[in-house]
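Hello,

Here is the structure for you to look over. My notes on it follow below.

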Amino acid sequence: MNIHRAVKIRVYPTRGQRALLDRTFGCCRFIYNKMLEERIRVYKELKEDKDALYAYKYRTEREYKVQFPFLKVVDAKALQSEWRHLKSAYDNFFGNLKKGIKKGFPRFKSKKSKQSYTTFNINNNCKIDFRKKRLKLPKIKSWIRYRDNRMFHEGIHRITVSRNRSGKYFASIFIETENNILPKQILKEEYIIGFDMSAAKFLIAKELELSSPRWYRQEESKLKKLHRELSRKKKGSRNRNRARLRLSRLYEKINYRKLDWVHKLTYCMSQHFEGIILEDLNIKGMQQFNSGLSKSVTLDFSWHQFTKILKYKME
């Protein structure tokens with residue numbers, strides 16, 4: 001059975017490479033917002049005439065490149081992927097409507113949030129050199145350095161380049177590999193354990209209790225101080241941008257600590273147990289009745305994130 005796997009690595013582009021990557025982020029964000037704006041406008045104009053609405057042909061990225069020549073500078077596959085992302089967002093929105101959930105309508109992209117674009121490997125234009133630790137991307141003249149010791153032998157299908165709010169660049173390399181591991185047919189009763197969720201202890205069982213380190217609580221005073229400093233800075237100034245970076249880096253540090261703890265915990269549990277039983281909880285519903293759980297549940301740890309990673313490692 002073939003499975004899809006992504007290897008995320010941190011890349012270290014030069015100043016010139018960063019300029020081209022940032023320009024690609026901006027062009028992809030621009031064409032995505034233009035396409036979304038056109039869809040919203042057409043729906044408002046033709047919502048009374050369903051036949052005309054369904055027959056309307058939206059502009060493609062080629063037509064946008066004719067109108068806006070600066071789009072020709074960046075990777076064409078990156079611009080094409082924005083149409084796929086917008087279509088996927090609309091499909092998810094209408095899928096939620098069928099389930100009775102009225103949320104998830106596509107939003108306009110902002111330059112203040114995380115930036116990303118996706119490019120596809122066509123004619124071997126995406127390459128990776130494990131010996132010299134460098135990555136080749138379309139439209140980027142030279143190789144980009146990276147730091148990671150992982151290696152794979154499968155071919156590259158596509159690469160998603162991203163920049164987080166603290167200014168760090170990453171590349172998620174999407175590959176397709178074979179899964180030859182067969183699921184267990186028989187589970188031994190002594191290697192099966194069940195856990196209850198607890199805001200105070202995180203996981204509780206008859207045999208043991210697992211407590212959350214609560215890194216957010218430990219850094220809460222620093223976060224408040226950085227938030228105050230950011231609010232006092234003049235909008236658009238360099239000092240405000242520096243304060244925003246300091247705040248983003250602290251949030252990033254807390255998030256990495258939580259992810260590291262969750263991965264180590266799930267790995268340890270997957271090595272010691274053959275079956276793990278967890279509650280299926282409605283965390284948002286619990287927060288409505290107990291406001292004191294809000295920070296503990298959503299910020300100190302993520303129950304859904306823990307269960308998702310654990311399920312992946314137990315398969």
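**A helix across a sheet**

Helix α1 lies across β2, β5, β6 and β7, and it runs at about 90° to β2. Axes here are lines fitted to C-alpha atoms, for helices over the stretch in contact, and angles run from 0 to 180 degrees between N-to-C directions. Helices (H or I, at least four residues) and strands (E, at least two) are DSSP runs, numbered from the N terminus.

This is a predicted model: local features need pLDDT of at least 70, side-chain atom pairs count only at pLDDT 80 or more, and totals for chains, interfaces and linings use all residues. Residues are numbered from 1 along each chain as its sequence is written, and side-chain values use heavy atoms, with hydrogens and water left out.

**Overall**

The protein chain has 10 helices and 12 strands. Of its 315 residues, 37% count as buried. Buried means under 20% relative accessible area, exposed over 50%, and partly exposed in between (1.4 Å probe, protein chains only). Take contacts between residues at least 6 apart in sequence: 67% of them join residues at least 24 apart. A contact means heavy atoms within 4.5 Å.

**The sheet**

Seven strands form an open sheet in the order β2-β6-β7-β1-β5-β4-β3, with antiparallel pairing. Its edge strands are β2 (115-120) and β3 (127-129), and each pairs on one side only. From one strand to the next, the twist averages 30°. Two strands pair if DSSP finds at least two bridges between them.

β5 is worth a look. It pairs with β1 in the antiparallel sense over 3 bridges. With β4 (residues 134-136) it pairs in the antiparallel sense over 2 bridges. Arg145 in β5 is the bridge partner of Tyr12, and also of Arg134. Leu135 stands opposite Ile144 in β5. In a regular strand the side chains alternate between the two faces of the sheet. In β5, the covered face has Ile144 and Tyr146, and the uncovered one has Arg145 and Arg147.

**The cores**

In soluble globular proteins, nonpolar side chains tend to be buried together. The largest nonpolar core here has 37 residues. Such a core is a set of buried Ala, Val, Leu, Ile, Met, Phe, Trp, Tyr and Cys residues joined through side-chain atoms within 4.5 Å. Those with the most contacts inside it are Val11, Leu21, Tyr117, Leu135, Leu137, Ile159 and Ile173. Elements giving two or more residues to this core include α1 (15-46), α4 (76-98) and β7 (169-178). α1 gives the most, with 9 residues.

What does Ile173 touch, leaving aside its neighbours within four places in sequence? Its contacts include Val7, Ile9, Ile128, Leu135, Phe152 and Ile159.

A second, separate core has 23 residues, among them Ala205, Trp215, Leu223 and Phe306.

α4 has 23 residues and reaches 34 Å from its first C-alpha to its last, close to the 33 Å expected at 1.5 Å a residue. The expected span is 1.5 Å times one less than the number of residues. Buried residues of α4 include Leu79, Leu86, Tyr90 and Phe93. The buried residues of α4 pack against α1, α3 (61-67) and β2.

In α6 (residues 220-232), Glu220, Leu223, Leu226 and Leu230 are buried. They cover an arc of only 125° around the axis, which puts them on the same side of α6. The arc is that of the directions from the helix axis to the C-beta atoms. Exposed Ser221 and Arg232 sit on the face of α6 turned away from its buried side.

Best wishes
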